[in-house]
Amino acid sequence: MAIVFYNTLTRKKEKFKPITPGIVKMYTCGPTVYNYAHIGNFRAYTFEDLLRRYLKFKGFKVIQVMNLTDVDDKIIKASKEKGVPIEEFTTPYKKAFFEDIETLGIEKAEFYPEATKHINEMVDIIKKLLAKGHAYKAADGSIYFKVSSFEKYGQLANLNVKEMRVGERVASDEYEKEEIRDFALWKSWKPEDGNVYWNTELGKGRPGWHIECSAMSMKYLGNHFDIHTGGVDNIFPHHENEIAQSECATGEKFVNYWLHCEHLLVNDEKMSKSLGNVIYPRELIARGVDPVVIRYTLLSTHYRQKLNFTTEKLISSASSVERLLDFYNSLDFYEDSKQTEFKNLISDTEKAFEEALDDNLNISEAMAAIFELVKEVNKHKAKKQISKTDAKNIKATLDRFDTVLNIFKMGQVKLSEEIRQLIDRRAKARKEKNWKEADRIREYLLEKGIILEDTPQGTRCKKTLIKKDFSKV
RNA sequence: GGCGACGUACCCAAGUGGCUAAGGGAGCGGUCUGCAAAACCGCGAUUCGCCGGUUCGAAUCCGGCCGUCGCCUCCA
């Protein structure tokens, strides 16, 4: 079965066909490391994670590049305020980004190039653009892309650029562009840039924002590659400009499939500093939300759908994850008993899961397939009609799904030696019908985020997915 | 002003021309159980923002209206 993606470029769902059979080359816009990445950023990274994991599930070899923007206006301003060089300023945020990625169960990309280490590549592209007449140098030494030189400009955003409204920011722009819609490839040094500059053939200055993605994507993936992703807010101008720069420099088509992730809202509002509603994953975790709950919340809404992030949704996600994990973990507990023919159920579920994700990563349908399996198997469980082999087969299927979802694995509890001993002590107390002691230990462990459940097959152990008193987002 | 997305139960959410409108959460009643939990059984949209049209047949297609949101050179 072929995968179908909604391509922003054509505004249609299209069958996915990689340029090189069996290999997918994708570029995913990464963080600007001037702060911690917030939950909205991670929505995009989680979507990209789903995308790469599913492509791998389908048997493709994936080469993913995610850039780190470590020089831009915000970074220059913030590092200046702090009185440290930009590298010193960005390093902790780079580190934090990788920590967060790991916490949220996001698989690592093959390359994480940094803008500041690819200035030469950017300069090369700009030189080509100058030579071909697609760029020009303004009086102050800055270099601009000449939008009028690219016939197809506006194709991605579906904007008629000639009739675009001119914003105030543009009107007050001090640079000397030929046309208002032209954008900077190279920004010549200004006193407020301090010691942030590179001496290159283009003069003393620094790169514009868009050029880094063209330079780094083409360096690692070639002039023409398969997939480029980002948030919807990147469609214009960022990705539109990338196409213009790249295609004008190489004369080749840049990207075949453009996939854009919708925004995450917080209580129906856009997340922004001014509204004071920016949420960071590490903050949620500190307040008692397990990372797997955050992951599930971000993952379980289709990427082209706005995701309204609320307390209610987190709590609801925690319950869903709990149901999935309880089911998954219960599969280890079967004694051999009557066998049920689950072959059809398993193959139906696998088929439904794959067909759903084939259809532009329809995660809702994929999850529905899993929940239906859970319900069906639980019914048999209640009637004691599951053998060890059945359970093993079902678990193998879930493990296969989990290479895409990373929920089951991430949700496992890790027990320390101390906790293990307490659990043993409680088992002993229960045997002696010392309910007081048993309940005391259970209470104690609950406070430590460990939940014990007694079943006929023994006591099971799981972690608290969300703190009881967790309330406000 | 231009471009675009969306409106399905208490909440989240799939379905885009045809079986009883998926699935999850929450709720209520029951079974099970040392207690707790899990799990199971049962209950829940005659209806898909509103109005009109096309069709044998519409949540799905067309037109209009209402409402929410995003982008239009900081942004995932």
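Student: Where is the place of Asn267?
Tutor: In this predicted model, local features need pLDDT of at least 70, side-chain atom pairs count only at pLDDT 80 or more, and totals for chains, interfaces and linings use all residues. Residues are numbered from 1 along each chain as its sequence is written, chains are lettered from A and ligands numbered from 1 in the order written, and side-chain values use heavy atoms, leaving out hydrogens and water. Helices (H or I, at least four residues) and strands (E, at least two) are DSSP runs numbered from the N terminus. On that scheme Asn267 belongs to the loop between strand 12 (264-266) and strand 13 (269-270).

Student: What is phi of Asn267 near?
Tutor: Asn267 is partly exposed, with 44% relative accessibility; the class lies between buried, under 20% relative accessible area, and exposed, over 50%, for a 1.4 Å probe and protein chains only. Asn267 is not glycine, yet its phi is positive, near 50°.

Student: Which loop holds Lys433?
Tutor: Lys433 also has a positive phi, near 55°, without being glycine. Its relative accessible area is 60%, so Lys433 counts as exposed. The loop runs between helix 14 and helix 15.

Student: Which residues does the cis peptide bond join?
Tutor: The bond has omega of about 0°.

Student: How is chain A divided into domains?
Tutor: The secondary structure of chain A comes to 15 helices and 16 strands. Its C-alpha trace spans about 90 × 50 × 35 Å along the principal axes. Domain bounds come from an automatic or database domain assignment. They give domain 1 (20-261), domain 2 (281-405) and domain 3 (417-463).

Student: How far apart are the C-alpha centres of domain 2 and domain 3, and how many residues does each give to the contact?
Tutor: The centres of domain 2 and domain 3 lie 26 Å apart. Contact means heavy atoms within 4.5 Å. It takes five residues from domain 2 and four residues from domain 3.

Student: What share of the 473 residues of chain A counts as buried?
Tutor: Chain A exposes about 22,900 Å², with 49% of it from carbon and sulfur atoms; the area comes from the Shrake-Rupley method with a 1.4 Å probe. Among contacts between residues at least 6 apart in sequence, 77% join residues at least 24 apart. The buried share of chain A is 53%.

Student: Which residues are closest to RNA strand B?
Tutor: A residue is near the strand if one of its heavy atoms lies within 4 Å of it. In all, 53 residues surround RNA strand B. They divide into 13 nonpolar, 17 polar and 23 charged, where Ala, Val, Leu, Ile, Met, Phe, Trp, Tyr, Cys and Pro are nonpolar, Asp, Glu, Lys and Arg charged, and the others, Gly among them, polar. The closest are Trp209, Gly231, Asp233, Asn234 and Ser320.

Student: Which element gives the largest share of the surface near RNA strand B?
Tutor: Elements supplying at least two residues of this surface include helix 1 (39-57), strand 10 (225-231) and helix 12 (363-382). The largest share is nine residues. It comes from helix 12.

Student: What percentage of the atoms of RNA strand B within 4 Å of the protein belongs to sugar or phosphate?
Tutor: A polar side-chain atom of Glu365 lies 2.9 Å from a sugar or linking oxygen of RNA strand B. For Gln305, a side-chain N or O atom is 3.5 Å from a phosphate oxygen. Bases account for the rest of the strand atoms in that range; sugar or phosphate accounts for 66%.

Student: How far from a phosphate oxygen of RNA strand B is a polar side-chain atom of Arg323?
Tutor: Arg323 is found in helix 10 and is partly exposed, at 38% relative accessible area. Leaving out residues up to four places away in sequence, Arg323 touches Phe371, Val374, Lys375 and Asn378. Its polar side-chain atom lies from the phosphate oxygen at a distance of 3.3 Å.

Student: Which residue caps the N-terminal end of helix 9?
Tutor: Helix 9 (residues 291-299) is mostly covered, with nine of its nine residues buried. A side-chain oxygen of the cap lies 2.9 Å from the backbone nitrogen of Val292. The cap is Asp290.

Terms used:
Polar contact = N/O pair within 3.5 Å; in protein donor to acceptor, adjacent residues only side chain to side chain.
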